[in-house]
Amino acid sequence: AMQRSRDVIRMEVGDPDFETPSHITASAISALQAGQTHYEAAGGSPGLRKAVANHLERSRPGLKADPDQVLCMPGGKPVIFHTIAALCEEGDEVIYPNPGFPAYETTIEWSGATAVPLRLDESTGFRFRHDDLRRLVSPRTKLIILCSPGNPTGGVLTSQDLDAVADVARESGAYVLSDEIYSSLIFDGQHDTILLREGMPE
């Protein structure tokens, strides 16, 4: 069908409909030609980690990003896996957005923890209801997963939503995994992050 039509919009993968910018491609080619084809430091080279920290500060005004607290990985799935593997085990509960990226639920189940879906409501732009979050939190809640802008819904959490999660996390002692992979794809307003809430970077 896609070969016969030019009006099909692919929505099954999070892949932009434009090519990688030429300066990025050229830089990768130059690095390969310069012999940068060997193992790097675990978590990324110091230069890369510093560049990422600078980017985070530019794209999230008010955030102080320490390169020593930056870890670079080959994609989002390793971050999700390593976070859940390090924190969660049988007897723990993990609250995750539903609908959401399938790797959240499957990785939670793999860890032995209980996956607790937090419903994202279409009527509110695929945001969660604050009362639902508070109702789902229990003494066994180890981790709360956020994804904003959301995958696959595109829903964007408001500042009030992030405040609510930060409050719940502080009160319960739960960790927060904030998946912000699509933060550059916001077209109305500016990206907000839970990292700007008191106590969240720790």
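Reply: Happy to! A patch is made of residues with over 30% relative accessible area and no salt bridge, joining like charges within 9 Å and nonpolar side chains (Val, Leu, Ile, Met, Phe, Trp, Tyr) within 5 Å; areas are Shrake-Rupley values with a 1.4 Å probe and only the protein chains shown as cover, and a salt bridge puts a Lys or Arg side-chain nitrogen within 4 Å of an Asp or Glu carboxyl oxygen. This is a predicted model, where local features need pLDDT of at least 70, side-chain atom pairs need 80 or more, and totals for chains, interfaces and linings use all residues. Numbering starts from 1 along each chain as its sequence is written, and side-chain values use heavy atoms, without hydrogens or water.

Leu-71, Met-73 and Val-79 make a nonpolar patch of about 240 Å². Met-73 sits in the loop between helix H2 (46-59) and helix H3 (76-87), with helices (H or I, at least four residues) and strands (E, at least two) being DSSP runs numbered from the N terminus. Its 32% relative accessibility makes Met-73 partly exposed, between buried (under 20%) and exposed (over 50%), using a 1.4 Å probe and protein chains only.

Further along, Pro-102 lies in helix H4 (residues 102-111) and counts as exposed because its relative accessibility is 57%. Its C-alpha is 29 Å from that of Ala-65, 37 residues away along the chain.

Helix H6 has buried residues too, among them Leu-162, Val-165 and Ala-169. Their cover includes helix H5 (130-136), strand E3 (141-147) and strand E4 (175-179). After H6 comes Gly-173, with a positive phi near 80°.

Conventions: Contact = heavy atoms within 4.5 Å.
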